Amino acid sequence: LESAKLLESAKLLASAELLESAKLKDEDNLSILVEIISCHDLIKSDIFGGSDPYVVANFGNHVYHTTEHISKTLNPTYSKKYNNTFVFNGTKKELIDQKGFLFVIMDYDFGKEDDPLGEVRISGEDLIDMLGNDDEKLKIRPPTQFVGEKEAGFITIRA
């Protein structure tokens, strides 16, 4: 039992060292925990000046993960309560070929179509570089229907 624990510890250390040195091979399998922490200064989408934001993480042409919405805020802080974490399981090549993840910030609208508030792409390379580092604050690009808006806020993510 003790030797199994030592072997597991050695594997984890070897994985950490491999990631640290960024010498990943294309076929190497990855398990990356991604945490959506918060958004700040989002665009006002609702009539009363707020939004009900949630985040959709797209991988390729598929929805990979969706958080729960938080009501009436332009500065949501996500937690486990709002389903803010997911694990990417795949190879380095898949992550890079699919151009990483596209995070789309949406405004939940009961009874009608939800509105996009903006988006940000994190490339596969950037996501790998984020591993074990501090939280990453990224500028959100405004959606096309907000013509003239130069700012759409920020999203903070950790990997």
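Q: In which sense do strand β2 and β3 pair, and over how many bridges?
A: In this predicted model, strand β2 covers residues 53–59. Asn58 has Val63 of β3 as its bridge partner, and Val56 has Thr66 of β3. The pairing of β2 with β3 is antiparallel, over four bridges.

Q: Which residue in the turn between β2 and β3 has a positive phi?
A: β2 and β3 form a hairpin, with two residues between the strands. A positive phi of about 65 degrees is found in this turn, at Gly60.

Q: How many bridges join β2 to strand β5?
A: Strand β5 consists of residues 101–107 and runs antiparallel to β2. One example of the pairing is Ala57, whose bridge partner in β5 is Phe103. The number of bridges that join β2 to β5 is seven.

Q: What is the order of the strands in the open sheet?
A: The sheet has four strands with antiparallel pairing. Its edge strands are β3 (62–66) and β6 (115–122), each of which pairs on one side only. From one strand to the next the twist averages 30 degrees. The order is β3-β2-β5-β6.

Q: Which residues of β2 point the other way from Pro53, Val55, Ala57 and Phe59, and are they buried or exposed?
A: In a regular strand, side chains alternate between the two faces of the sheet. Pro53, Val55, Ala57 and Phe59 point one way from β2. Seven of the seven residues of β2 are buried, so the strand is largely enclosed by the rest of the structure. The residues pointing the other way are Tyr54, Val56 and Asn58, and they are buried.

Q: Why does Thr73 count as buried?
A: Thr73 is in the loop between β3 and β4 (85–91). Leaving aside residues up to four places away in sequence, Thr73 touches Ser51 and Pro53. The term buried applies under 20% relative accessible area. Thr73 counts as buried because its relative accessibility is 17%.

Q: Are the rings of Phe88 and Phe101 stacked or edge-to-face?
A: The whole structure contains ten aromatic pairs. In the pair of Phe88 and Phe101, the ring centres are 5.9 Å apart and the planes are at 85 degrees. Planes over 60 degrees apart count as edge-to-face. The arrangement of Phe88 and Phe101 is therefore edge-to-face.

Q: Which element gives the most residues to the largest nonpolar core?
A: This core has 33 residues, and those with the most contacts inside it are Leu95, Phe101, Phe103, Leu127 and Ile155. Elements giving two or more residues to the core include β2, α3 (124–130) and β8 (154–158). With five residues, the element that gives the most is β1.

Q: How many residues make up the other core?
A: The other core lies apart from the largest one. Among its members are Tyr54, Val56, Leu102 and Met106. The number of residues in this core is five.

Q: Over the face of which residue does Lys137 lie, and at what distance from the ring centre?
A: A charge sits over a ring if, among other conditions, NZ of Lys is within 6 Å of the ring centre. Lys137 lies over the face of Phe154, and the distance from the ring centre is 4.8 Å.

Note on methods. Residues numbered from 1 in each chain as written. Predicted model: local features only at pLDDT ≥ 70, side-chain atom pairs only at ≥ 80, totals over all residues. Heavy atoms only, no water. Pairing = 2+ DSSP bridges. Axes fitted to C-alpha atoms, helices over the stretch in contact; angles between N-to-C directions. Buried < 20%, exposed > 50% of the residue type's maximum accessible area, 1.4 Å probe, protein only. Contact = heavy atoms within 4.5 Å. Phe/Tyr/Trp six-rings, centres within 6.5 Å; stacked < 30°, edge-to-face > 60°. Lys NZ or Arg CZ within 6 Å of the ring centre and 35° of its normal. Core = buried A, V, L, I, M, F, W, Y, C linked by side-chain atoms within 4.5 Å.
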